[in-house]
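Below are my notes on the two-chain model. They are set out as numbered points.

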Amino acid sequence: MTRKFKKIGNVPVQYLITDKFKSLIVSIKFIDHFRMDSINQRALLPNVLTGGSRSLPTRMAIDKELASLYGTDISGSQQKIGEASVISFDMSVINEKYLPQRPEILDRAFSVLSDIIFRPKLIKGSFRKTLFEQEKRLLKEELSTEYHDKFSYGYRQFKNYMFADEMFRFSARGELDTLDDLTLKQINDEYLSMITHDRCEIHVIGDFSEKAMDRLIAKYLQAPDSAFEIDWLDHETRFVNMVRKQHQQSDMTQTRLYIGFRNNIRNTDSLYYPMQIFNIMFGDSDQSRLFQKIREVDQLSYDVSSTYVANKGVLFVFAGIDPGNENAAEVAVFEVLESMKSGFIGSEDLELAKSSFEKRLRQSFDSPSQILQRAFFHQALYQSEYSLEESLAKSKAVTIADVRQVASTLVLDSTFVYGRKAVENDA
Amino acid sequence: MMHKHVHQPMNETVYRHTLNSGMRVEILAKPGFARKAATLLIPFGSIDELVDLGFATDIKNFPQGTAHFLEHMLFENQAKNVTREFALLGASVNAYTTFNRTGVYFSTTNGLEKPLELLFEMLAEVNFDIASVDKERAIIEKEIDMYQDDIEQQLYYDLMRSLYFEHEIANDIAGTRESLALIDSKSLEAAFKTFYRPEMMVLTLTGDIDPQAIVDLLEKQRFLKRKNDIGLPLILHKEEPECVKSDSVTKFVDVANDLVMVGVKLQPRSDLTPWEQQLLELKWFLLLDNLFGKQSANFEQMQKRKLINNTFEVSQTIESSFAHLIFFAETNRPQALSDYLLRSLQDLSGATLDLQDFYRQRKKMIGDFIEIFDSITQANNLMSDYSLRDVNVFELIKAVDMIELDDLLKIKNDIPTKSISIVQYRRKQK
């Protein structure tokens with residue numbers, strides 16, 4: 001894979017050229033600060049834009065055009081990364097040479113993408129009210145859908161609880177509670193702000209000629225120059241002087257248990273790799289201590305796992321358990337953590353975790369979208385090319401002492417139980 | 001002899017080979033990829049309850065959930081912790097059960113040889129002692145509990161139970177607490193002997209692989225040398241009427257939006273070859289896309305009337321013993337949506353198909369197929385899906401270009417106006 005980083009016009013562009021894949025992905029990103037008062041605007045704006053352009057005025061017209069380009073896909077969404085709000089428009093196109101009769105589709109695909117972002121259908125400078133109302137309804141119904149997915153819904157409630165005073169509790173997909181208040185004027189203003197003030201960058205992965213791609217970007221994807229500092233890590237935290245615990249009632253067969261820890265070890269921290277290895281040993285594999293103890297030995301749960309969110313410096317434990325077993329499961333989680341701080345850790349377990357980490361890292365280079373996302377984030381954080389070999393070397397250097405050390409930095413913050421309350425315990 | 005074929009214009013290379021034991025092996029070569037994926041397929045699924053073992057008098061009835069229970073038992077081994085052994089080789093192993101098959105799969109970024117040896121060792125050493133069976137039963141009961149909270153899955157099974165009187169597709173893949181109680185060491189062992197036979201299995205591999213080395217290694221595996229004298233099992237199904245069991249079911253449950261699932265019961269075509277059947281399924285896909293997909297007038301109407309949102313989904317399942325279409329949506333207007341879908345399905349004889357849309361949708365289908373080959377896992381799953389039926393997926397993709405609008409018009413008339421069930425999940429009043 002060859003990486004190129006340059007500017008075309010005002011826009012920083014990163015190329016990742018490889019013949020490994022049959023599709024090509026173009027990702028154009030608009031970056032601003034993630035703010036409470038613009039979450040819903042920036043969540044809805046990509047949907048309004050992909051809902052019709054001047055040349056293809058309805059979502060159906062766009063869908064038809066993209067289908068004729070062999071199922072080219074254009075999607076837009078907001079992400080929260082650190083303190084940034086990133087609106088990405090991602091286009092995935094099949095490389096012409098793998099299609100029957102080698103049709104020419106790339107230029108046309110670029111022009112559709114360009115129209116969606118830069119030439120929306122406006123009436124007197126405003127998006128159409130019908131389109132706005134329709135997209136608002138669709139987003140609202142999409143967000144309320146989460147309620148059926150008990151794990152996700154419970155997770156959101158848990159985040160609201162643990163991060164009550166932090167931006168991390170908000171979802172970049174949109175906030176249901178305030179969506180009704182969103183006005184057309186706010187969307188119009190946000191659009192203007194996005195195309196005039198946001199930091200814009202473009203990342204492309206696939207098998208293409210550099211010159212041809214330069215021309216396509218110069219022709220179709222130009223944005224004004226804008227530069228300002230963004231913190232790509234989420235530094236908000238709280239000093240834990242009291243552990244919090246809450247049980248939210250819901251009439252489910254299984255109870256969901258969420259436990260949140262903090263240690264403020266983030267991507268750039270020297271303990272980042274030990275933390276990755278620790279997490280795999282603790283709960284992020286079927287060989288993990290949590291899985292072995294809570295599912296296999298204690299048989300308290302069908303699923304139990306841990307997740308390390310490096311951007312925020314927090315670690316979560318999730319489990320699905322029989323109602324009434326929440327306290328036993330919680331105690332078991334703490335016991336496992338204590339045993340990793342002070343007890344025996346075998347070198348075989350350490351090697352297993354390292355090989356699992358290596359496997360995940362290596363195979364992430366089999367996915368064009370994952371390569372692109374990693375290259376984008378690495379460029380944002382370090383302004384340099386990501387090196388797989390360097391990451392592997394650092395993960396291989398992790399020792400048992402390192403794992404113990406990061407285990408002892410974890411501070412319990414919150415426990416959240418979502419499910420039926422046992423009647424006998426209420427008395 | 002190993003058979004090699006390079007499929008153009010996609011430039012994908014596939015090796016096919018049948019081992020001495022009769023097990024088929026299909027290898028998709030993906031040079032340059034780190035991940036290697038393997039799936040072993042056993043043609044034993046949840047609908048395979050009633051089995052003729054070769055003599056008309058020897059008909060066995062496996063309790064609901066046997067295939068899934070057996071899938072769990074594969075990892076029970078007296079001498080070693082199998083998943084850990086896989087992990088030590090850098091491979092993560094797992095398994096699944098669907099209505100028509102059991103799949104055991106693993107992936108690794110190291111070599112495939114050692115985990116493949118372990119996989120067949122594991123099958124040669126499956127342990128059916130009572131304690132292990134009891135332990136797995138307890139785990140499966142928890143798994144069933146977990147699915148109780150999965151509203152969409154509950155809705156799907158309610159629809160299946162509305163469409164079908166007798167067919168096993170209406171039974172939960174994992175079984176029920178009652179049926180689990182009927183499964184014991186003996187019945188599991190009997191099921192294992194009946195279905196876990198090399199001549200019935202298919203192994204699909206995808207990744208940067210040396211095909212000859214893999215085939216040589218497989219020929220040496222003890223499990224794959226087993227010879228069986230008994231004939232192949234024949235799956236039986238009870239007589240299923242053409243009509244549906246109930247037209248409509250409404251339940252009040254704890255949801256944020258109402259849910260609607262509409263099922264259309266089609267007559268299964270047991271007369272078709274697997275190839276014809278898979279091609280027919282693609283035709284149904286294109287037909288439904290034309291009539292109800294995002295580019296259709298129906299979709300636009302439903303959107304305009306606020307009957308549907310982005311959750312709207314249409315799907316088709318065309319099997320030799322059952323066939324149906326499913327429409328699903330979350331909606332705030334469940335009755336109006338149900339009425340709309342019912343009316344449009346009953347008025348189909350007059351409905352026209354759009355030729356330009358059809359050409360576009362056919363192109364999209366081809367593009368979507370090609371994109372799958374950018375993912376090792378998805379490509380291997382696609383191969384698995386078709387290879388168990390002995391259908392060559394690359395030939396099938398080529399055949400898409402030959403489907404014409406007339407093909408769709410013909411099957412459109414197969415949609416019955418009566419055999420339709422509607423299941424609604426309405427918000428419980430708080």
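**Notes on the model**

1. K341(A) and E338(A) sit three residues apart, about one turn of the helix, in helix 11 (residues 326-342) of chain A. Helices here are DSSP runs of H or I with at least four residues, strands are E runs of at least two, and both are numbered from the N terminus. Their side chains meet in a salt bridge (3.2 Å, N to O); the term requires a side-chain nitrogen of Lys or Arg within 4 Å of a carboxyl oxygen of Asp or Glu. K341(A) is partly exposed at 23% relative accessibility, and E338(A) is partly exposed at 41%. The classes are buried under 20% relative accessible area, exposed over 50% and partly exposed in between, with a 1.4 Å probe and protein chains only.

2. On provenance: this is a predicted model, in which local features need pLDDT of at least 70 and side-chain atom pairs count only at pLDDT 80 or more, while totals for chains, interfaces and linings use all residues. Residues are numbered from 1 along each chain as its sequence is written, chains are lettered from A and ligands numbered from 1 in the order in which they are written, and side-chain values use heavy atoms, with hydrogens and water left out.

3. Over all chains the structure holds 71 salt bridges. One of them pairs K7(A) with D225(A) (3.9 Å, N to O). K7(A) is in strand 1 (residues 2-8) of chain A and D225(A) in the loop between helix 8 (210-220) and strand 9 (244-249), so this pair ties together parts 218 residues apart in sequence. Both residues are exposed. Another links R108(A) to E65(A), with the closest N and O atoms 2.7 Å apart. Because R108(A) belongs to helix 3 and E65(A) to helix 2 of chain A, that pair ties together parts 43 residues apart in sequence.

4. Chain A and chain B bury about 5,100 Å² between them, 52% of it on carbon and sulfur atoms; buried area is the accessible area (1.4 Å probe) that two parts lose on being put together, summed over both. H148(A), Y302(A) and K359(A) lose the most area in chain A, together 13% of what that side buries. The contact (heavy atoms within 4.5 Å) takes 50 residues from chain A and 59 residues from chain B. Seven salt bridges cross the interface. K142(B) and D322(A) also meet in a salt bridge (3.9 Å, N to O).

5. Where is E141(A)? This residue lies in helix 4 of chain A and counts as buried, at 7% relative accessibility. Leaving out residues up to four places away in sequence, E141(A) touches N257(B), N309(B) and N332(B).

6. The largest nonpolar core has 114 residues, of which F110(A), M213(A), I217(A), L221(A) and F327(B) touch the most other members. Such a core is a set of buried Ala, Val, Leu, Ile, Met, Phe, Trp, Tyr and Cys residues joined through side-chain atoms within 4.5 Å. Helix 9 (residues 274-292) of chain B gives this core its largest share, nine residues. A second, separate core of 59 residues includes L19(B), L53(B), V93(B) and L116(B).

7. Some backbone points remain. The peptide bond from Q8(B) to P9(B) is cis, with omega near 0°, and P9(B) lies in the loop between strand 1 (3-7) and strand 2 (12-18) of chain B. Q101(A), not a glycine, has a positive phi of about 65° and is exposed, with a relative accessible area of 73%.
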